[in-house]
Amino acid sequence: MKNALYNTGYFLKEANKIIRLNWLSNVFSFLSTGLVLFVLAVVVSGWSISNMLVETLQNEAEISAYLDGGTGTSQTLELVETIKGIDGVWDARLVDQTEAYGRMEAALGEEARILGLFEENPFEAFIEVRINLDEMEAVLERVESLPGIDYVRDNREVLGRIQSITEGLKNLGILIIAAVGISTLVIISHIIRQGIYNNRAQIDTLKLLGAPDSFIGFPFVLAGLLLTLAGGVLAAVFAVLLINHGYGYMIGSISFVPLPPRSQLILGVVIMIGTVSAALGVFGSLFGLSSTKNS
Amino acid sequence: MIEAKEMSLRYPDGTLALKNISIRVQPGELIYITGPSGSGKTSFLKTLMGMEYPTSGCLRVLGQPITKGEEGRIRQLRKKIGPVFQEFKLIRGRTVLENVMMGMRFLGISPGEMKRSAGSALAGLGLEHKALSPVENLSWGEAQRVAIARAVARKPAIILADEPTGNLDHDNALTIIDLLASFRDTDTTVIITTHATHLIEQQNNAIFIRMDSGNIFVEYRRKAHEKCSV
């Protein structure tokens, strides 16, 4: 440890030399690492936004329970309370005929005049039930079996699609993260192997002088770490620009999409890129070192 | 300190470089190994460094057996050896001072002590004015002296110098021989190979070994002021 502290300047100088020795190749590696990490940042940002969207949609997932014709007001209110007590139900409330009409009017907009053709309000009162999407099947079964409930409109198809989109996004995210991780590891370990090859005479001399492997290898790990961190900084800068630009666009054009707070997303992405680039730099370098150890 | 018993070294191509060598060296001894090219001088030093392993017999350096499977301990052993390589093995792109300090960075020496030690070694070899010069700018002879400075600055228990005067003029070569020989006074064992026998004719208190075809051909000690004859 004492040795490492004494030699900090030396290690940094060596790492700098390793990077400079193959300058052009390392510049391209830095750019490609930055690009790969930028892709990761985009995926993670998209993932974060889509997770929030899905979460919002899940929170708003609801079913409509329509009542038997002869169900009285007090029985209806009792039903609402019973439904509220079912596991997987977040809330339940009665939507009377007038509110149902008003909602349709609002949904139709200018076309609402068509409702004037009806002599009476054509809409029935129903119980609006907000549910946990993961427990949809069980809730449906319970609500349908309640006395006083005629039928349940469940939007099962829409809710199922939301669920599969969520799963798809998660799987895609995992695949991209794996691809980013592997490609960065390959790039960095290749750089380190190249650095070791270019410095083989020096390594040989140090071994003959009795230098331990940790002393010989540390500058290479440092070089790999510095390169990926530089790539991470590049990726983070582009990611922040993209998020700022993207938020401006989304707030203006598709404001109904729920977004996490911008500063929170930026902070999260920057921390994630920093951590991932540091970890990939260290592991890539160690992998490159270990793969050349015997040769 | 160094003990070899019927040690032989055969290279993978079948060349028998060392044949049944037995030798015992005590701390503070000065040994000159002479012999023509290909006689086994460098191979002998390489085995002492653990760069080659005896193919039969045994060798111990500072108590450490030089055998396969002991690589980690041999690396530790090398910290106590000051090697001067025939081809110098200086690190390009570095200054003279950096090269000398490079050999000490992993020995647990403080930066101040490293600088002092390196400076003193360079001064002893007349190279203090070249301390900040890149090694690429050195003459052949200067590079050789830097290699020696790197070896001695480490204050090793053993100095192994392979043809350290190979590229120096007569006066400089004698200075180097005298300098290396002086380390014997600090209880450092010094082993020097050379084919320039005229340089060591006047050296005293040393063991002289002549090697030929991998054999130790002649070994004799000479005390101070005793005239040598073979």
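B:Ala149 lies in helix α5 of chain B, where helices (H or I, at least four residues) and strands (E, at least two) are DSSP runs numbered from the N terminus. The model is a predicted one, in which local features need pLDDT of at least 70 and side-chain atom pairs count only at pLDDT 80 or more, whereas totals for chains, interfaces and linings use all residues. Residues are numbered from 1 along each chain as its sequence is written, chains are lettered from A and ligands numbered from 1 in the order in which they are written, and side-chain values use heavy atoms, with hydrogens and water left out.

B:Ala149 is buried, its relative accessible area being 0%; buried denotes under 20% relative accessible area, exposed over 50%, and partly exposed the range in between (1.4 Å probe, protein chains only). Neighbours within four places in sequence aside, B:Ala149 is in contact (heavy atoms within 4.5 Å) with B:Val100, B:Ala121, B:Leu122 and B:Leu125. A distance of 13 Å separates the C-alpha atoms of B:Ala149 and B:Ile81, which are 68 residues apart along the chain.

A nonpolar core is a set of buried Ala, Val, Leu, Ile, Met, Phe, Trp, Tyr and Cys residues joined through side-chain atoms within 4.5 Å. The largest such core has 44 residues, of which B:Tyr32, B:Val100, B:Met104, B:Leu122, B:Leu180 and B:Ile192 touch the most other members. Two or more residues each are given to this core by β3 (30–34), α3 (96–102), α4 (111–124), α5 (140–153), β7 (158–162), α6 (170–182), β8 (189–194) and β9 (206–212) of chain B. Helix α5(B) supplies the largest share, eight residues. Another core, of 30 residues, lies apart from this one and includes B:Ala4, B:Ile21, B:Ile31 and B:Ile74.

Over the whole of chain B, the secondary structure consists of six helices and 10 strands. The C-alpha atoms fill a box of roughly 45 × 45 × 30 Å along the principal axes. Of the 230 residues of chain B, 53% are buried. Among contacts in chain B with a separation of 6 or more, 65% are between residues 24 or more positions apart.

Chain B carries 30 positive and 24 negative side chains, and the centres of the two sets are 5 Å apart. Lys and Arg count as positive and Asp and Glu as negative, without His and the chain ends; each charge is placed at NZ of Lys, CZ of Arg, CG of Asp or CD of Glu.
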